[in-house]
Amino acid sequence: MQTVFALADCNNFYASCEKLFRPDLKHVPVVVLSNNDGCVVARSKEAKALGIKMGVPLFQIKDQIQQHGIVCFSSNYALYADLSNRVMTILEEEAPRVEVYSIDEAFMDLTGVSHAVDLLTFGQQVKAKVDKWTGITIGVGIAPTKTLAKLANHAAKKYPATGGVVDLMSPDRQKRLLALVDVGDVWGVGRRISTRLKEQGIHTALDLARANPKAIRSEYSVVLERTVRELNGTSCLELETVRPTKQQIVCSRSFGHKVTDKQELREAVAKYTTRAAEKLRGEQRLCRVVTVFIRTSPFIPGEPQCSKALSAELPNPTDDTRDLLEVTNVIFQQIYRAGFRYAKAGVMLADFYEQGTFQEDLFRPSTNRTQSKALMSVVDKINHSGLGNVFFASQGTSPTWSMKREHLSPAYTTRWGDLRGVL
Amino acid sequence: MRVTYLGVTESPSFITPNSVRIPLYAEGVSAGFPSPAQDFVERTLDLNEFCVSHPTASFFVRVQGDSMMDAGIFTGDVLLVDKSLTARHGDIVIACIHGEMTVKTLELHPNVLLQPRNRAYKAIVITEESELEIFGVVTSVIRKYERG
């Protein structure tokens, strides 16, 4: 059967979350800042129009902020995680299979859906529902492969006439779009590779699609060969349940059978935590924000529904499985409610940090994980013996380490004390 | 380990760890033996189930002011807002107008108005030029009484 994938992607997600409860900022340029209010990590469309670049340090745009009245926000993960969870829950209600790709993107497997409903209509319905129910605008790209779905989504955003939904199932339309897209904008083609490709005369996505897959494989990689095949409509990338990205790691899966036993559900959460932690170390990152979610199936009519998620912020960034297990277990105990037949659980890690250099100097002579683990266990032993106390210098000598968040918006959806006031 | 909660995601079980779950069919506890009637306790009454029809589309806001007094909405009240509903004539809505979020009764005919329910306030007339956005429809009012 012809595979069909759709990519749903929230427009300017963080900035849109910040605007949701602030109608006064409807047409105002808004940027969201990284950890410690360092760099711009998200921009509203007005901020993009002003030419504010992604990743630019805050101090470099001080003048523009003044001049254009740009409003800055510190990252409000509680708000973003809550709205993301709402969006993903709706997608899961609408599509047969969903891969949460990042906090603001999800792939849907729509294979077979076209027998029941026109794909474009389906995409428009999903978009309309998410837009109305959550206030977050999404774009939807539909295509036979994930790589093409990414491009379709790209087009849905770039060309307003599409209404935010593009059906790229027809090979003719694929060709026309591919001819317009720079090869560097193809999913999985990095800057270095795109430079090399252009030297070889491969400038557009269509050029790449027409390249010889075998030659691409020998000159570049299996990964790029797969991209070539995907651009030609042959699906090589399936829906995945584990996927690391730059900004967050999501590890979730639907269960084979409905889980009612608390212990079993807890073990599933622990398993996903372990896998997410492995991915985190594979990315050589530390994380500070951990989210756990558990859900029942929306597909069983009349069954009591429960969908809960809770985020926690660690005092210090970590990549240690044991730290993460401890946190996810605490979160799980908070959100678990008996009496439901759970269909899915997951763990999301966010707010990433580079590994601190002094940590590597002092405690991580190599990046060898087993060594680091052995060291941590020694540290734990010392600390638990009651004879002494060893801690990492990065924690600082004062117990409360807090980061700079001068522009943090209220947790409108997660704290009673932070509810939006209405006149 | 010290863990700081960022907050509970409010969908769909809004009132979480402290929520009062009232057994519908409870049995007395017989010490030492599990009650044979235990199996008949089928469910508990859940306030979420009662109030929240569309968890992913439901949000809370807090009332500031007395413009809806005559509709029984007072300052400090928490309103449950359902974004999935399309506002109709006569609905109490959360509207975004002039950069503010406001709770008013929506009137669609003969003219589009945001009608306060307090004689001391004037209706907000919606003209062609006004940028009106309906955030959602108010479906419940939650008021906690302070004990003296």
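The model is predicted, with local features requiring pLDDT of at least 70 and side-chain atom pairs pLDDT 80 or more, while totals for chains, interfaces and linings use all residues. Residues are numbered from 1 along each chain as its sequence is written, chains are lettered from A and ligands numbered from 1 in the order in which they are written, and side-chain values use heavy atoms, without hydrogens and water.

Helix packing in chain A comes first. Helix α1 (residues 13-20) of chain A packs against α4(A) at an angle of about 100°, their axes lying 10 Å apart; helices (H or I, at least four residues) and strands (E, at least two) are DSSP runs numbered from the N terminus. Axes are lines fitted to C-alpha atoms, for helices over the stretch in contact, with angles from 0 to 180 degrees between N-to-C directions. α1(A) and α4(A) are therefore roughly perpendicular, the class for 65 to 115 degrees, next to roughly parallel under 35, roughly antiparallel over 145 and oblique for the rest. On the α1(A) side, A:Phe13, A:Tyr14, A:Cys17, A:Glu18 and A:Leu20 meet residues of α4(A) that include A:Tyr77 and A:Leu83, contact meaning heavy atoms within 4.5 Å. This contact comprises eight nonpolar residues, one polar and one charged; Ala, Val, Leu, Ile, Met, Phe, Trp, Tyr, Cys and Pro count as nonpolar, Asp, Glu, Lys and Arg as charged, and the others, Gly among them, as polar.

For helices α6 (residues 146-158) and α11 (residues 222-231) of chain A, the axes come within 7 Å and cross at roughly 65°. That makes α6(A) roughly perpendicular to α11(A). A:Lys146, A:Thr147, A:Leu148 and A:Leu151 of α6(A) touch A:Thr227, A:Glu230 and A:Leu231 of α11(A), a set with three nonpolar, two polar and two charged residues.

The largest nonpolar core has 62 residues, of which A:Leu91 and B:Ile94 touch the most other members. Such a core is a set of buried Ala, Val, Leu, Ile, Met, Phe, Trp, Tyr and Cys residues joined through side-chain atoms within 4.5 Å; buried means under 20% relative accessible area, exposed over 50% and partly exposed in between, with a 1.4 Å probe and protein chains only. Helix α4 (residues 77-94) of chain A gives the most to this core, eight residues. Another core, of 34 residues, lies apart from it and includes A:Phe5 and A:Leu239.

In chain B, strand β7 (residues 100-107) has six of its eight residues buried. Strand β6 (residues 92-97) of chain B runs antiparallel to β7(B), joined by six bridges, pairing requiring at least two DSSP bridges. B:Val93 stands opposite B:Lys104. On its other pairing, β7(B) is antiparallel to strand β8 (residues 113-115) of chain B over three bridges, and five residues separate the two strands of this hairpin.

Some backbone details remain. Most residues other than glycine have a negative phi, and most peptide bonds are trans. B:His98, in the loop between β6 and β7 of chain B, has a positive phi of about 50° and counts as exposed at 66% relative accessibility. A:Asp351 in strand β13 (residues 342-354) of chain A has phi near 60°, yet counts as buried at 1% relative accessibility. The peptide bond from B:His109 to B:Pro110 is cis, with omega near 5°, and B:Pro110 is found in the loop between β7 and β8 of chain B.
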